[in-house]
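Here are a few exercises to work through with the model open in your viewer. Try each one before you read the solution.

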Amino acid sequence: TKEYYKASTAFVRTSDVNKMVDMFAEWSQLSSSKETPFYITRIVLQYLCVGNVKGCRQFIQSVCPRDDLRGASFRHPLENFSDLLCESIERKSVVLYNVVKKTYEPLIKVDPRLIP
C-alpha cells in the first residue's frame, strides 16, 4: 500500500507542486469524495507548517481554483477555509486569520486534528 500521508510530508518541502497534485489526485480517487476536502486541508496545513506558502497557493490553485463567475459558494467550505487561511498568511494579516478561524471553527472541530 502507498503511504500518501508520508509522501505528502515530503512533497511540501519541494518546489515542484505537480508531484503533490498528482499524488492528491491518486489519493482522492481511491477514497470517498466526502474525504477530498479533508485531504486538501491536511495538505494545505502541511505546506503552511513548513513555511512553503508559495507551494500552498499553487496547490490550492491547482486543485480548487476560484471561480469568479460562480463564486466561492460552489466550493466545499473546507476548500474556502484552506484558501482563506493561505491568503491570511500571504498577507500576513492577523485580522483575516482571526476572522477565518472564528468563521470556520465549527467546521474545523469536525476533525480535532485540525485544531491548532
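Buried means under 20% relative accessible area, and exposed means over 50%. Keep in mind that this is a predicted model.

**Exercise 1.** Work out whether Asp83 counts as buried or exposed, and find what it touches.

*Solution.* Start by placing the residue: Asp83 sits in helix H5. Next, take its relative accessibility, which is 2%. The cut-off for buried is under 20%, so Asp83 counts as buried. Now look for partners, skipping neighbours within four places in sequence: Asp83 is in contact with Arg57, Ile60, Arg66 and Arg75.

**Exercise 2.** Decide how helices H4 and H5 run relative to each other.

*Solution.* H4 covers residues 53–63, and it packs against H5 at an angle of about 150°, with the axes 10 Å apart. Angles over 145 degrees count as roughly antiparallel, so that is the label for H4 and H5. On the H4 side, the contact is made by Val53, Cys56, Arg57 and Ile60. H5 contributes Ser82, Asp83, Cys86, Glu87, Ile89 and Glu90. As for handedness, H4 passes H5 in a left-handed crossing.

**Exercise 3.** Compare the span of helix H6 with that of a straight helix, then look for a bend.

*Solution.* H6 takes in residues 94–108. At 1.5 Å a residue, a straight helix of 15 residues would span 21 Å, but H6 spans only 18 Å between its end C-alpha atoms. Then check the axis: H6 bends by about 35° at Lys102, with Pro106 following within four residues. Finally, pick out the buried residues, which include Leu96, Val100, Tyr104 and Ile108. Part of their cover comes from helix H5 (77–91).

Key: Residues are numbered from 1 along each chain as its sequence is written. This is a predicted model: local features need pLDDT of at least 70, side-chain atom pairs count only at pLDDT 80 or more; totals for chains, interfaces and linings use all residues. Side-chain values use heavy atoms; hydrogens and water are left out. Helices (H or I, at least four residues) and strands (E, at least two) are DSSP runs, numbered from the N terminus. The expected span of a helix is 1.5 Å times one less than its number of residues. The bend at a residue is the angle between axes fitted to the seven residues ending there and the seven starting there. Buried means under 20% relative accessible area, exposed over 50%, partly exposed in between (1.4 Å probe, protein chains only). Contact means heavy atoms within 4.5 Å. Axes are lines fitted to C-alpha atoms, for helices over the stretch in contact, and angles run from 0 to 180 degrees between N-to-C directions. Angles under 35 degrees count as roughly parallel, over 145 as roughly antiparallel, 65 to 115 as roughly perpendicular and the rest as oblique. A crossing is left-handed if the near helix is turned anticlockwise from the far one by less than a right angle, and right-handed if clockwise.
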